[in-house]
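Subject: Structure handover

Hello,

Here is the structure I promised to pass on. Please open it next to this email, and then read on for what was found.

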Amino acid sequence: MFESLTDKFGDVFYKIKNRGKLSPGDIEAALREIKLALLEADVNFKVVREFLDNVKGKATGEKVLESLTAYQQIVKIVNEEMINILGSSSGGINFVPKGPTIIMMVGLQGSGKTTSVIKMANFIKSKFQKKVSIIAADVYRPAAVLQLEDMAKNINVEVFSRKDMDPVSLAEEGVELFKKDFSDVIIIDTAGRLQVNEDMMNEVARIKKRINPHIIYLVLDSMTGQEAVNIAYGFNKRIDFDGMVLTKLDSDTRGGAALSVYYVTKKQIKFVSSGEKIEDFEIFHPERIASRILGMGDILTLAEKAEKAVSEKEAKEIEQKIYKNELNFEDFVSQLRSIKKIGSLDKLLSMMPFDGKNKIPKEAVLDGRSLDRIEAIINSMTVEERRKPDIINGSRKKRISKGCGCSIAEINRLLKQFDKTRQMLKQFSQMKGKSWLNPDKL
Amino acid sequence: MQKLIKNLNYIWNKFRDNRKLFWDEIEEQLIAGDVSVNTVTEILGIVKKKSYGNNINNPEKIKSLIKEEAVAILGDKRDIVLRLSSVPPTVFLIVGVNGSGKTTTVAKIANLFKDSGKKVLLAAADTYRAAATEQLQHYADKLSIDIVCHQKFSDPGAVVYDSIEKSKAKGIDLVVIDTAGRMQTSSNLMDELSKIKKVINGRINREVDEILLVVDSTTGQNAKSQAQIFNGSLDLSGIILTKLDSTSKGGIVLTIKNDLDIPVRMICHGEKLKDIYYFDPVKFADSLFN
């Protein structure tokens with residue numbers, strides 16, 4: 001997500017990074033490029049205008065121009081403003097102290113409500129060990145209830161629904177039932193509706209009035225364009241929701257909608273959903289996303305994910321090896337296995353910091369399916385070859401090829417990829433030293 | 001007469017003063033409709049040249065110049081209609097990202113052709129999403145038309161194969177294939193679509209008659225990436241723009257046609273099965289300014 005924004009900002013900043021003192025013209029030019037980047041990222045044009053006014057005011061107000069670290073200052077200002085837009089505190093969920101916490105999910109058709117309901121149920125169940133139940137109040141879309149029941153079965157969560165019942169009474173009956181059932185959390189899935197459809201908006205307002213849910217989440221597709229502002233505004237006006245779930249972040253969307261909505265509604269994004277797997281659901285962190293947009297990468301998320309999959313000792317060893325450029329195929333294959341545990345490779349790479357000049361080399365990008373083949377090739381190497389890849393010559397390649405059933409060309413490609421990856425990781429470890437990658441040092 | 005000249009002068013002066021403001025406003029209006037910045041700049045560049053060259057200053061006239069440019073990009077209405085092949089069955093393959101409205105659109109297309117007296121069959125090749133098949137089954141029952149579906153997680157290629165064989169046997173005119181939603185960034189799932197296409201081509205001994213990408217009109221710039229990547233693996237014949245009953249304009253299709261030359265063929269506007277229409281470039285260009 002946000003790759004393009006990150007790219008763009010990387011370019012802008014690269015241009016001004018090495019300049020030292022900046023002229024007002026430099027700032028203007030940088031701001032113009034930021035404007036284009038934000039618009040191309042689907043940030044609403046009104047938000048862009050306000051954003052740029054704020055940045056401009058600060059960039060010319062502070063003693064940026066005379067300063068020798070003008071570049072760092074602008075990065076800092078843009079970063080601050082970005083966090084301003086995205087909301088200053090982290091996402092997450094607050095449960096009520098007594099009785100079940102009732103959550104209602106609303107949104108447009110196809111925004112990902114039903115999938116988010118299941119993912120959230122799974123998240124709450126596994127993270128907080130709470131008993132979660134679901135009410136299927138989408139009585140309109142054919143097979144919507146069936147879809148929910150089918151998915152709920154996989155995570156052992158009970159679903160309540162009734163045919164031929166209006167959604168308001170259905171929701172009420174479900175809540176009564178699950179209260180008696182000692183559910184800790186009740187999630188209500190509602191039908192998709194357009195914010196301009198009066199009847200449907202009235203319906204959801206009635207459900208809200210009758211049930212009085214503790215939390216209402218608006219589910220928003222991260223690929224939404226300029227319309228995001230109207231959607232958020234429309235729902236906010238009618239049912240005053242509490243926060244947002246941003247979905248489909250596994251696409252290559254630039255995700256500017258995320259910037260727009262908080263600006264307009266002052267309601268925060270609480271969760272993000274980013275993949276086909278039920279676990280691809282996490283708490284939203286504005287400062288992480290902001291630094292990602294600025295080309296600083298989402299190292300925190302990456303670190304957290306890696307922590308789960310790689311032991312600390314293992315990680316330290318690898319880090320040392322990366323520093324010394326001694327990474328070998330044994331580490332590589334163990335890394336591959338832990339990477340598989342963390343998630344898809346594209347997702348990991350998108351979290352790493354790369355600015356305009358430090359693009360990820362094409363050869364270093366592996367797609368998920370090739371991982372198995374790579375493992376097969378490495379498994380066909382001798383221990384010595386794995387430790388010292390440089391000794392692999394023509395006849396050794398022939399033997400490996402026979403062992404794993406891959407062609408010599410594929411083995412060559414892997415060796416080349418491995419070399420590139422080694423270089424990239426080295427570059428990456430050196431980048432840690434650059435002050436502007438670390439906002440604290442600014 | 002003098003009054004008229006005075007009025008015109010007033011407008012002209014006001015217009016001259018407000019010229020920059022006027023162009024900025026037009027620009028914002030188009031961007032607010034999700035047309036990309038590059039396309040907007042390109043169109044406005046042409047229109048500015050025309051208006052300055054021919055001394056056109058009337059805002060309404062300038063707007064109609066912009067609409068003309070938009071229509072010129074969007075193409076001829078006659079190329080938009082979906083036609084059936086002379087050798088049945090005709091096959092339409094419907095693809096798109098998750099939640100764009102594929103299944104509903106499949107039902108709407110089926111309804112449209114059934115109404116014109118054709119024998120239609122639905123192929124439920126979304127074997128992945130929970131209850132996707134049941135949703136399509138519901139529509140098939142409602143329209144009382146044939147449907148081919150297999151078990152969950154079965155091979156979508158096999159569903160497609162069976163549906164075409166069945167159509168040949170039963171004298172079906174049109175097969176509409178619903179596929180699972182997939183992000184364009186998932187290369188495995190994109191490969192799966194190429195495979196489905198190969199299966200169809202093999203069964204009908206020609207290229208698939210229509211491969212249509214369903215795009216949600218509330219989508220922003222990402223729709224271009226969707227069109228580009230889906231087109232790369234499938235060679236799309238067009239786009240179906242859905243959910244136009246929302247307040248969004250779907251202006252990104254202008255950019256998609258301009259940059260990738262993929263035309264919009266149909267639009268969906270409403271929740272009823274009959275709410276599908278052939279795309280009208282003139283109406284669409286008008287809507288960008290409403």
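Let us start with one residue in chain A. Phe271(A) lies in strand 7 of chain A, which covers residues 268-273. Is Phe271(A) buried or exposed? Phe271(A) counts as buried because 22 other C-beta atoms lie within 10 Å, and the cut-off for that is 20 or more. Arg162(A) is 109 residues away from Phe271(A) in sequence. In space, the two are 29 Å apart, C-alpha to C-alpha.

Keep in mind that this is a predicted model. The mean pLDDT of chain A is 77. In that chain, 69% of the residues reach 70 or more. Over residues 295-300 of chain A, the pLDDT is below 50. That stretch still has 23 contacts in the model beyond near neighbours in sequence. Residues 432-442 of chain A also stay under 50 in pLDDT. For these residues, the model has twelve contacts beyond four places in sequence. Where pLDDT is low, the predicted coordinates should not be read in detail.

Next, the two chains together. The contact between them takes 35 residues from chain A and 35 residues from chain B. On the chain A side, helix 2 (24-40) and helix 6 (144-154) are the elements that give two or more residues. Helix 6 of chain A has the largest share, with four residues. By class, the chain A side holds twelve nonpolar, eleven polar and twelve charged residues.

Now chain B. Its domain assignment gives domain 1 (2-74) and domain 2 (78-287). The centres of these two domains of chain B, taken over C-alpha atoms, are 37 Å apart. Eleven residues of domain 1 of chain B touch 17 residues of domain 2 of chain B. Which element gives the most to the domain 1 side? Helix 4 of chain B (residues 59-74) does, with five residues. That side of domain 1 of chain B has six nonpolar, three polar and two charged residues.

Chain B also has an open sheet. Eight strands form it, in the order 3-2-4-1-5-6-7-8, with mixed pairing. Strand 3 (146-148) and strand 8 (276-278) of chain B are the edge strands, and each pairs on one side only. From one strand to the next, the twist averages 25 degrees.

Look at strand 5 of chain B in particular. Strand 1 (residues 90-96) and strand 5 (residues 210-216) of chain B run parallel and are joined by five bridges. Across this pair, Phe92(B) stands opposite Glu210(B), and Ile94(B) stands opposite Leu212(B). Two helices of chain B pack on the sheet. Helix 8 (residues 187-204) touches strand 1, strand 2 (120-125) and strand 4 (174-179) of chain B, and its direction makes about 175 degrees with that of strand 1. Helix 9 (residues 222-234) touches strand 1, strand 5 and strand 6 (238-242) of chain B, at about 160 degrees to the direction of strand 5.

Strand 5 of chain B also pairs with strand 6 of chain B in the parallel sense, over five bridges. There, Asp216(B) stands opposite Thr242(B).

Why is strand 5 of chain B largely enclosed by the rest of the structure? Seven of its seven residues are buried, so the strand is largely enclosed. Both faces are covered: Glu210(B), Leu212(B), Val214(B) and Asp216(B) are buried on one side, and Ile211(B), Leu213(B) and Val215(B) on the other.

Best wishes

Definitions and conventions
Residues are numbered from 1 along each chain as its sequence is written. Chains are lettered from A and ligands numbered from 1 in the order in which they are written. This is a predicted model: local features need pLDDT of at least 70, side-chain atom pairs count only at pLDDT 80 or more; totals for chains, interfaces and linings use all residues. Two strands pair if DSSP finds at least two bridges between them. Axes are lines fitted to C-alpha atoms, for helices over the stretch in contact, and angles run from 0 to 180 degrees between N-to-C directions. Two residues are in contact if their C-beta atoms, placed from the backbone, lie within 7 Å. pLDDT is the predictor's confidence in each residue, from 0 to 100. Domain bounds come from an automatic or database domain assignment. Ala, Val, Leu, Ile, Met, Phe, Trp, Tyr, Cys and Pro count as nonpolar, Asp, Glu, Lys and Arg as charged, and the others, Gly among them, as polar. A residue is buried if 20 or more other C-beta atoms lie within 10 Å of its own, exposed if 12 or fewer, and partly exposed in between; C-beta atoms are placed from the backbone.
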